[in-house]
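Please look over the structure shown here before reading on.

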Amino acid sequence: MMENSYSESYKAAGVDVTAGYRAVELMKAHVARTMTKGALSGLGGFGGLFELDLSDMPHPVLCAGTDGVGTKLKIAFLLDKHDTVGIDCVAMCVNDIICCGAKPLLFLDYIACGKNVPEKIASIVAGVAEGCVQAGCVLNGGETAEMPGFYAADEYDLAGFAVGAVDRARILDHSSVAPGDAIIGIASSGVHSNGFSLVRRVFDVERPGVLQQRYDDLGMTLGEALLAPTRIYVKPVLAVMKALAVKSVAHITGGGFYENIPRSLPEGRRAIICKRVVDRHPLFELIQKAGDIPERDMYNTFNMGVGMTLIVGKDDAQRAVSILTENGENAKVIGYIDDGERGVELC
């Protein structure tokens with residue numbers, strides 16, 4: 001039936017529906033990689049079906065999150081590399097819902113573009129699928145919208161939506177956070193997907209050769225470092241939650257330490273972070289030096305090498321670090337909880 005769906009008039013207006021069908025065919029193999037037990041439908045329907053198995057949750061609660069990749073996409077445009085930004089899109093959503101203790105179940109993506117180039121769209125979706133595999137959820141559906149005159153022909157936007165579930169008794173609500181608790185930091189892969197408006201200004205990334213410049217401290221080009229996908233922490237954090245009592249989790253995104261860590265604290269508790277213990281990703285040293293950026297602004301904008309923090313009891317700290325390490329993460333205790341006005345103090 002789709003072979004007969006063709007409009008010369010619509011194509012003349014800049015929308016090629018046959019390109020959309022071709023893109024769907026190319027992305028099917030990527031989507032198939034994400035299939036999980038609950039997935040009941042493939043591509044092509046009006047909605048994605050998912051069967052909930054809540055046998056291990058006496059009082060199940062759904063948790064949802066949505067986000068996009070932001071202006072990091074500009075780096076992908078400049079490098080003409082589109083197979084990793086989908087990982088960022090998934091990460092920004094699933095890393096948020098894991099902060100509530102929820103296991104991601106399904107993900108949907110939305111791609112809006114100026115011109116539907118099937119191979120490019122399939123490349124983007126390949127990244128989304130990889131992110132879903134890393135998070136253990138199904139790519140349950142999506143939408144590709146060709147919008148000529150709204151987006152430039154070679155540009156697109158990418159956003160997503162994740163749904164997870166958690167038993168009500170296991171929701172993380174930070175109420176048990178107490179003085180003396182340990183703060184564990186899990187390493188980031190770099191800038192992740194926040195602060196790129198500042199990054200692009202600092203490096204003037206559209207100047208020829210800037211993104212291709214190699215830095216010994218990075219062991220790669222600037223472009224490669226900036227495009228490194230956001231780490232997905234779902235499986236390692238779930239492993240810790242299964243083994244011990246995690247009191248609170250914070251995803252260090254836009255707003256850095258100063259905005260995100262307080263979101264994981266109750267009133268009357270403050271986080272003390274030891275800067276000398278934090279393994280600052282070398283990319284942040286380059287950003288700070290190139291932009292002459294005050295240290296506080298750095299910690300208030302970027303993750304500074306820590307993509308996620310967990311708060312656990314002092315006696316559970318080393319076990320939590322060991323579990324994270326066994327699951328492939330670089331983690332360490334970077335601070336502790338004290339009494340005081342809710343916030344963050346760097347020492």
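**From a loop to the core**

Lys115 sits in the loop that links strand 2 (103-113) to helix 5 (118-135); helices (H or I, at least four residues) and strands (E, at least two) are DSSP runs, numbered from the N terminus. This is a predicted model, in which local features need pLDDT of at least 70 and side-chain atom pairs count only at pLDDT 80 or more, while totals for chains, interfaces and linings use all residues. Residues are numbered from 1 along each chain as its sequence is written, and side-chain values use heavy atoms, with hydrogens and water left out.

Residues up to four places away in sequence not counted, Lys115 touches Glu146 and Ala153, where contact means heavy atoms within 4.5 Å. Pro148 is 33 residues from Lys115 along the chain, yet their C-alpha atoms are separated by 6.4 Å.

Helix 4 (residues 85-97) is mostly covered, with 12 of its 13 residues buried, including Val85, Ile87, Met92 and Ile97. From first C-alpha to last, helix 4 reaches 19 Å, close to the 18 Å expected (1.5 Å times one less than its number of residues).

The largest nonpolar core has 98 residues, and Phe107 and Ile287 have the most contacts inside it. Such a core is a set of buried Ala, Val, Leu, Ile, Met, Phe, Trp, Tyr and Cys residues joined through side-chain atoms within 4.5 Å. Helix 4 gives the most to this core, with 8 residues. Domain 1 (8-167) and domain 2 (181-346) both contribute residues, so the core lies between them; the domain bounds come from an automatic or database domain assignment. Another core, of 8 residues, lies apart from this one, and among its members are Phe50 and Val163. Leaving aside neighbours within four places in sequence, Ile287 has contacts that include Val191, Phe203 and Met298.

What is the strand order in the open sheet of 6 strands? The order is 8-10-5-11-9-12, with mixed pairing; two strands pair if DSSP finds at least two bridges between them. Strand 8 (246-251) and strand 12 (343-346) are at the edges with a single partner strand each, so one side of each has no neighbour in the sheet. Strand 9 (residues 269-273) runs parallel to strand 12, joined by 4 bridges, and Ile273 stands opposite Leu346 in strand 12.

How values were computed:
Buried < 20%, exposed > 50% of the residue type's maximum accessible area, 1.4 Å probe, protein only.
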